[in-house]
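Reader: I would like to go through this model with you and ask, for each label you attach, what value stands behind the label and how the conclusion is reached.

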Amino acid sequence: MSKMSSVKVSDIYLYEGKIYEDQFEEFDIFKNIIKSRDQEDAFYILDLGVIIKKNHDWIKKMPRVVPYYAVKCNPHPMVIKVLAAMNGNFDCASKQEIQQVMEVGVSSDRIIFANPTKFPSHIKFAKSVGVEKMTVDGKCELYKIKKLFPEAKIVIRFRCDGNSTVARCLKLGIKFGCEPGDEAKELIQLTKDLDLILYGFSFHVGSPCVDFNAYVRGIEICKELITFAKSIQCNDIKLIDIGGGFPGESEFQIDEISHIINDAIKDIDPTIEIISEPGRYYVTSAFTLASVVHSKKTVSVGNSLKQMYYVSCGVYSGFIDELLNMNSRQPIPLSNSISDKKKYSSSIWGPTLDSLDCIIKDVLLPEFQIGDWFIWKDMGAYTNTVACKFNGFMPPEVYPFIRKSQWEELCAIIRLNV
């Protein structure tokens with residue numbers, strides 16, 4: 001069993017966010033922030049209640065699959081603190097991420113070092129703090145670990161990509177994961193020959209992924225590899241890691257995937273722990289972004305007019321999915337006072353001087369004015385975490401908040417865990 005979290009109620013409250021009454025709507029929160037600060041910079045609001053609910057839903061719907069939050073997806077301190085306070089576990093990819101979660105009281109047994117290609121210094125650090133579980137997908141990594149941390153618990157990662165024709169999905173298999181056949185078996189044998197601890201197997205179907213059958217394929221491969229491992233007297237397999245890639249948009253319901261995974265794992269030895277690495281699932285819908293129209297112009301395109309809007313955020317400050325053609329979010333006007341309902345061909349550009357800094361092109365929108373605010377939903381995954389200061393424009397600030405009933409629920413969870 002994992003050790004209990006040392007995060008206290010007082011730790012969670014150490015931030016500049018607000019506790020709102022339950023009836024407060026997101027739009028009211030945005031308007032309060034804009035009014036109180038008289039600002040033109042883009043900013044996020046972080047609804048901590050969403051993260052609490054997502055965690056509750058996961059545990060209820062997939063009780064055997066233990067979530068290890070993928071820190072890389074969004075390392076905002078309040079996300080880490082809230083999950084740690086709920087006795088959460090973490091998937092870390094570097095020394096820095098391990099340090100961040102351990103600083104809020106997360107014990108080493110609640111961390112998996114899920115980077116198949118690790119800096120030697122980071123392996124040494126993991127050893128020094130007792131983070132033993134780590135992924136491997138090649139022979140060189142096994143030799144490196146044998147030299148630096150022979151007591152580590154080896155989790156062999158194989159490739160299992162989701163169907164990219166189903167959705168726009170980053171194929172992680174082009175970079176990580178051994179082939180699940182002979183190559184995986186060779187790594188199993190080498191782990192044994194090096195007298196290392198073969199602890200389990202892992203895969204990652206890509207992110208985001210809605211080809212849910214990919215998880216089933218990965219689980220079946222894990223079963224086959226466990227059988228092979230046992231055939232060469234590697235009998236101490238303790239872990240199956242089904243990776244991440246789970247959607248987290250507002251409309252996504254975990255029921256869409258839970259019954260598929262629950263059915264796939266029902267006959268797995270109960271002594272084997274099954275974990276996952278959700279990132280998007282927890283934070284996508286928890287973050288909402290606001291940006292202001294700071295400039296505009298109208299250009300002629302043939303016989304028609306096109307509106308060009310320039311807003312206070314762009315592909316370098318949150319919209320990397322748009323740059324990679326993985327998403328096409330639509331703005332929601334903060335104000336309902338638009339009198340002209342006619343729609344015009346429009347493009348929305350970010351604030352930098354780069355012509356690639358375009359959020360959306362050639363969509364039909366009503367006409368907006370300088371000073372109008374746009375709201376962008378589902379902005380929590382790989383947004384602020386990869387933002388930069390290009391052209392001197394700072395990444396958007398984050399304003400955490402929680403509603404009163406959810407705050408009381410979180411406090412009760414913390415008291416139960418301490």
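Reader: How many helices and strands does the protein chain have, and what makes the chain as compact as a globular protein of that length?

Author: This is a predicted model, and its protein chain has 13 helices and 17 strands. The radius of gyration is 23 Å, close to the 22 Å that the globule rule gives for 418 residues, so the chain is as compact as a globular protein of that length. Taken along the principal axes, the C-alpha atoms fill a box of roughly 75 × 50 × 40 Å.

Reader: What share of the residues count as buried, and what share of the contacts join residues at least 24 apart?

Author: Of the 418 residues, 55% count as buried, and among contacts between residues at least 6 apart in sequence, 73% join residues at least 24 apart. The accessible surface comes to about 18,800 Å², with 53% of it belonging to carbon and sulfur atoms. As for charge, there are 50 positive and 53 negative side chains, and the centres of these two sets lie 2 Å apart.

Reader: Why is leucine 142 called buried, and which residues does it touch?

Author: Buried means under 20% relative accessible area, and leucine 142 has a relative accessible area of 0%, so it is buried. Its place is in helix H7, residues 139–148. Not counting residues up to four places away in sequence, leucine 142 touches Val136, Ile154, Leu187, Leu190, Thr191, Leu194 and Leu196. Leucine 196 is 54 residues apart from leucine 142 along the chain, while their C-alpha atoms are separated by 8.5 Å.

Reader: How do you know how many disulfides there are in the whole structure, and why is the sulfur of cysteine 222 too far for a bond?

Author: A search of the whole structure finds zero disulfides. Cysteine 178 is in no disulfide, the nearest cysteine sulfur being that of cysteine 222, 11 Å away. A disulfide requires a pair of cysteine sulfur atoms within 2.5 Å, and the sulfur of cysteine 222 is 8.4 Å from the closest cysteine sulfur, in cysteine 160, and is therefore too far for a bond. Cysteine 178, at 1% relative accessibility, counts as buried, and cysteine 222, at 0%, counts as buried too.

Reader: Is glycine 162 buried or exposed, and what lies around it?

Author: Glycine 162 has a relative accessible area of 7%, so it is buried, although its place is in the loop between strand S7 (153–157) and helix H8 (182–193). Beyond residues up to four places away in sequence, glycine 162 touches Lys171, Val205, Cys209, Asp211, Ala214 and Arg217.

Reader: What makes lysine 238 partly exposed?

Author: The label partly exposed covers values between the buried limit of 20% and the exposed limit of 50%, and lysine 238, with a relative accessible area of 36%, is therefore partly exposed. Lysine 238 is in the loop between helix H9 (213–231) and strand S9 (239–241). Leaving aside neighbours within four places in sequence, lysine 238 is in contact with Tyr199, Thr271, Ile272 and Glu273.

Reader: Why is helix H4 described as largely enclosed by the rest of the structure, and what covers the buried residues of H10?

Author: Eight of the nine residues of helix H4 (residues 77–85) are buried, so H4 is largely enclosed by the rest of the structure; among them are Met78, Val79, Ile80 and Lys81. Just after H4, asparagine 87 takes a positive phi of about 65°. In helix H10 (residues 255–265), the buried residues are Ile257, Ser258, Ile260, Ile261, Ala264 and Ile265, and what covers them includes helix H3 (48–61), strand S3 (65–70), H9 and strand S10 (273–276).

Reader: What is phi of aspartate 195 and of aspartate 378, and why does aspartate 195 count as exposed?

Author: Phi of aspartate 195 is near 60° and phi of aspartate 378 is near 55°, each a positive value in a residue other than glycine. Aspartate 195 lies in the loop between H8 and S8, and its 62% relative accessibility is the reason why it counts as exposed. Aspartate 378 is in the loop between strand S16 (373–376) and strand S17 (397–403), and at 14% relative accessibility it counts as buried.

Key: Residues are numbered from 1 along each chain as its sequence is written. This is a predicted model: local features need pLDDT of at least 70, side-chain atom pairs count only at pLDDT 80 or more; totals for chains, interfaces and linings use all residues. Side-chain values use heavy atoms; hydrogens and water are left out. Helices (H or I, at least four residues) and strands (E, at least two) are DSSP runs, numbered from the N terminus. Buried means under 20% relative accessible area, exposed over 50%, partly exposed in between (1.4 Å probe, protein chains only). Contact means heavy atoms within 4.5 Å. The radius of gyration is taken over C-alpha atoms; the globule rule is 2.2 Å times the number of residues to the power 0.38. Accessible areas come from the Shrake-Rupley method with a 1.4 Å probe; for residues, only the protein chains shown count as cover. Lys and Arg count as positive and Asp and Glu as negative; His and the chain ends are not counted. The place of a charge is taken as NZ of Lys, CZ of Arg, CG of Asp or CD of Glu.
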